[in-house]
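Q: Hi! Could you walk me through this model and its ligand site?

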Amino acid sequence: MPHAYDPQNIFARILRGEIPNKTVMETPHTLAFHDIAPQAPVHVLVIPKGAYVTFDHFAAEAGEDELADFHRTCAKITAMMDLGAGYRVISNAGDDGGQEVPHYHLHILGGRPLGPMLVR
Ligand code: AMP
């Protein structure tokens, strides 16, 4: 995947404080906030504060401290949210992956049965 980072993407603007967000958790390397258009009763986005475009970009180039902080934060969110009897973590990458915002993020979804992973 190409990793050219657009600093004007909406999550970069959230990180700079230019756009408000409903923060769930913030750490030195990670921000988690509620999705503006939730697809389930719980729909939290988790983003690294660094300029990474996709999962593979983050996994390949982030430092150990960023990687650990990001994933530990995700784990804390799954523990603190009312997810019910399970949850789903999704990361879309690139055009065919359906990625709308070109700043790496995980979707944490839950709070109801989520059905099949893909419908088409
Ligand atoms: P993706 O298609 O994986 O890039 O997901 C982008 C997600 O960002 C979508 O679920 C949007 O609803 C969400 N989103 C876009 N703008 C905002 C915003 N300002 N605050 C919170 N979530 C947003």
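A: Happy to; we can start with the fold and then turn to the ligand.

A: One caution first: this is a predicted model, so local features need pLDDT of at least 70, side-chain atom pairs count only at pLDDT 80 or more, and totals for chains, interfaces and linings use all residues. Residues are numbered from 1 along each chain as its sequence is written, and side-chain values use heavy atoms, with hydrogens and water left out.

Q: Thanks! How many helices and strands does the protein have?

A: There are three helices and five strands, where helices (H or I, at least four residues) and strands (E, at least two) are DSSP runs numbered from the N terminus. Along the sequence they follow the pattern α-β-β-β-α-α-β-β.

Q: Now the ligand: which residues are closest?

A: The ligand is surrounded by 16 residues, and the closest are Asp 35, Asn 92, Glu 100, His 105 and His 107. A residue is near if one of its heavy atoms lies within 4 Å of the molecule.

Q: What classes make up that shell?

A: The shell has eight nonpolar, six polar and two charged residues. Here Ala, Val, Leu, Ile, Met, Phe, Trp, Tyr, Cys and Pro count as nonpolar, Asp, Glu, Lys and Arg as charged, and the others, Gly among them, as polar.

Q: And which element gives the largest share?

A: That is H1, with three residues.

Q: Which polar backbone atom is 2.7 Å from a ligand oxygen?

A: One of Glu 100. A polar backbone atom of Val 101 is 2.9 Å from an oxygen atom of the ligand, and a polar side-chain atom of His 105 lies 2.8 Å from a ligand oxygen.

Note on methods
A polar contact is a pair of N or O atoms within 3.5 Å; within protein, one must be able to donate a hydrogen and the other to accept it, and residues adjacent in sequence count only if both atoms are side-chain atoms.
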